[in-house]
Amino acid sequence: MRYQIAGDNLPVLKVLLDAGENIQCEAGAMSWMDNEIEMQTSAGGLGKMFGRMLTRENAFLNTYIANRPGEIAFSSKFPGSIRAVEIHPGDGLIVQKGSFLASFGDIRSEVYIQKRLSGGLFGGEGFLMRRFTGNGLVFLEIDGSAHEYDVPANDCKIVDTGYVAAMSESCRMEIKTIQGIGNVLFGGEGLFNTVVYGPGHLILQSMPIASTAMTLYQYMPHPSNN
């Protein structure tokens with residue numbers, strides 16, 4: 001398998017599969033492919049199907065298998081970037097819902113539940129995320145540009161709501177209330193921040209869809225109340 005990510009801020013993942021190789025993605029994610037590749041759709045079991053539905057992802061997965069060498073492409077759904085992350089046994093990845101694009105190799109996916117309930121209810125990162133484990137590559141769709149950090153043990157990164165795209169499963173996420181009435185009322189950062197503790201790798205995104213939608217909403221014409 002060989003891949004190329006091209007297209008600047010509207011990227012496309014182009015994957016060249018050898019005969020017998022396959023790549024997996026959500027139903028509907030494929031943009032174009034060669035005739036040498038065929039599709040197989042499955043739910044992967046009821047448990048996995050409902051797990052994907054809980055994280056607002058497609059209930060079904062498509063596996064694309066190359067009968068002979070051929071190319072398949074996946075386009076981003078939003079201006080941003082695509083990142084390839086290597087997954088190894090014992091070194092899984094926690095991913096924000098909606099960030100998964102495709103996977104290659106022996107990759108398993110399951111629902112990841114944040115231990116702190118308040119993090120899911122109020123933090124904006126989502127109570128339910130996805131954990132990818134196994135051995136292979138996971139391709140992520142990032143809103144805006146991707147910024148990666150290695151967070152040491154006993155250290156943390158404080159992140160505004162919605163900017164966490166993915167993190168190593170060795171990381172720990174908590175939601176903390178911003179201190180000080182003045183900071184909450186006039187700081188413009190809302191009530192909560194996401195705190196990601198190391199050790200592990202952290203991928204941040206510069207333009208979360210939810211934040212962008214709220215910004216655009218302010219400039220849209222609204223019906224008159226008269």
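This report describes selected side-chain features of a predicted model.

## Surroundings of Ser-81

Ser-81 belongs to strand S8, which covers residues 80-87. Its relative accessibility is 12%, so Ser-81 counts as buried, the limit being under 20%. Leaving aside residues up to four places away in sequence, Ser-81 touches Pro-11, Leu-140, Glu-141, Ile-142, Gly-144, Ser-145 and Ala-146.

Two of these neighbours also approach the side chain of Ser-81 through backbone atoms. A polar atom of that side chain lies 3.1 Å from the backbone oxygen of Gly-144. The backbone nitrogen of Ala-146 is 3.5 Å from a polar atom of the Ser-81 side chain.

## Aromatic pairs

The structure contains 2 aromatic pairs. In the pair formed by Tyr-3 and Phe-139, the ring centres are 5.1 Å apart and the planes stand at 80°, so the arrangement is edge-to-face. This pair links distant parts of the chain, as Tyr-3 lies in strand S1 (residues 2-6) and Phe-139 in strand S11 (residues 128-143), 136 residues apart. Tyr-3 is partly exposed, with a relative accessible area of 39%, whereas Phe-139 is buried at 0% relative accessibility.

Phe-100 and Phe-132 have ring centres 5.1 Å apart and planes at 25°, so this pair is stacked. Phe-100 is part of strand S10 (residues 100-113) and Phe-132 of strand S11, so the pair ties together parts that are 32 residues apart in sequence. Both Phe-100 and Phe-132 are buried.

## Salt bridges

The model has 6 salt bridges. One of them joins Arg-83 and Glu-148, whose closest N and O atoms are 3.1 Å apart. Arg-83 is partly exposed, with a relative accessible area of 28%, and Glu-148 is partly exposed at 37%.

Another salt bridge connects Arg-108 with Asp-106, with the closest N and O atoms 3.4 Å apart. Arg-108 counts as partly exposed at 41% relative accessibility, and Asp-106 counts as partly exposed at 47%.

## Charges over rings

Arg-172 takes part in two kinds of contact. Arg-172 lies over the face of Tyr-197, at 4.2 Å from the ring centre. Arg-172 also forms a salt bridge with Glu-174, in which the closest N and O atoms are 2.4 Å apart. Arg-172 is partly exposed, with a relative accessible area of 42%, while Glu-174 is buried at 16%.

Lys-157 places its charged end over the ring of Tyr-149, 4.0 Å from the ring centre.

Methods: Residues are numbered from 1 along each chain as its sequence is written. This is a predicted model: local features need pLDDT of at least 70, side-chain atom pairs count only at pLDDT 80 or more; totals for chains, interfaces and linings use all residues. Side-chain values use heavy atoms; hydrogens and water are left out. Helices (H or I, at least four residues) and strands (E, at least two) are DSSP runs, numbered from the N terminus. Buried means under 20% relative accessible area, exposed over 50%, partly exposed in between (1.4 Å probe, protein chains only). A polar contact is a pair of N or O atoms within 3.5 Å; within protein, one must be able to donate a hydrogen and the other to accept it, and residues adjacent in sequence count only if both atoms are side-chain atoms. Contact means heavy atoms within 4.5 Å. Rings of Phe, Tyr and Trp (its six-membered ring) pair if their centres lie within 6.5 Å; planes under 30 degrees apart count as stacked, over 60 as edge-to-face and the rest as tilted. A charge sits over a ring if NZ of Lys or CZ of Arg is within 6 Å of the ring centre and within 35 degrees of the ring normal. A salt bridge is a side-chain nitrogen of Lys or Arg within 4 Å of a carboxyl oxygen of Asp or Glu.
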